[in-house]
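Please read the following report alongside the sequence and the three-dimensional view. It takes up a few residues in turn.

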Amino acid sequence: ATGSDQAVGYGIVLFAGAVFIYYSLWVIILPFVEPGQFLHQLFLPRAYAVILPLVAGVVLLTFI
Amino acid sequence: MHCFSSGCQMATKLVQWLTLFTLFSSVWLSLVLKLIPVELDPRIMDVLWPLPIYLLVVFGSYSLATIGYRVATFNDCDEAAESLKQCFNKSYWSPLFSIRRTIQS
């Protein structure tokens with residue numbers, strides 16, 4: 001693949017990687033970080049870690 | 001391998017996945033619903049209850065990354081495509097192809 005195909009493909013890879021890293025930090029790492037640390041301000045309240053994927057899943061299913 | 005009295009067969013992918021799924025969900029349910037009298041650190045419980053959704057998200061992002069990678073590294077064979085087009089232009093049927101091209105444009 002050349003040109004824009006390559007750019008789109010690698011863009012998707014980077015997006016998927018970013019989702020993985022952000023979500024892993026949110027679900028797995030954050031509970032072990034003390035509540036006062038700065039890292040917590042970069043993330044939404046933990047309930048959204050469950051709500052957002054469920055909403056996204058429902059939206060995806062309605063498009064099938 | 002799962003074996004009946006008549007003989008042994010290799011388990012299919014489906015059976016393997018169902019076994020893994022049943023194992024994981026029984027362990028997860030018994031821990032989250034506190035059916036096992038085990039004292040767990042509240043932070044571990046905090047990681048445990050969204051775990052199925054987390055695994056789904058990880059699977060989804062892995063699939064997405066694989067698709068993107070396959071798109072980016074797709075073997076286009078540009079020279080082969082060009083030489084194939086030249087074959088069409090030089091062939092006996094090339095008048096038909098040029099008619100089709102003018103109709104399309």
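Is B:N89 buried, exposed or partly exposed? With a relative accessible area of 39%, B:N89 is partly exposed, a class lying between buried (under 20% relative accessible area) and exposed (over 50%), with a 1.4 Å probe and protein chains only.

## Basis of the model

This is a predicted model, in which local features need pLDDT of at least 70 and side-chain atom pairs count only at pLDDT 80 or more, while totals for chains, interfaces and linings use all residues. Residues are numbered from 1 along each chain as its sequence is written, chains are lettered from A and ligands numbered from 1 in the order in which they are written, and side-chain values use heavy atoms, with hydrogens and water left out.

## Helix α4 of chain B

B:N89 lies in helix α4 of chain B, where helices are DSSP runs of H or I with at least four residues, numbered from the N terminus. Not counting residues up to four places away in sequence, B:N89 touches B:S94 and B:R101, contact meaning heavy atoms within 4.5 Å.

Helix α4 spans residues 78-90 and also holds B:E79, which is exposed at a relative accessible area of 65%.

B:M45, in helix α2 (residues 42-48) of chain B, counts as buried at 19% relative accessibility. Beyond its neighbours within four places in sequence, B:M45 is in contact with B:L31, B:V32, B:K34 and B:L40; the C-alpha atoms of B:M45 and B:L31 are 8.5 Å apart, across 14 residues in sequence.

In chain A, A:S24 belongs to helix α1 (residues 3-29) and is likewise buried, at 12% relative accessibility. Residues up to four places away aside, A:S24 touches A:I29 and B:Y54.

Technical notes: Helix = DSSP H or I, 4+ residues; strand = E, 2+ residues; numbered from the N terminus.
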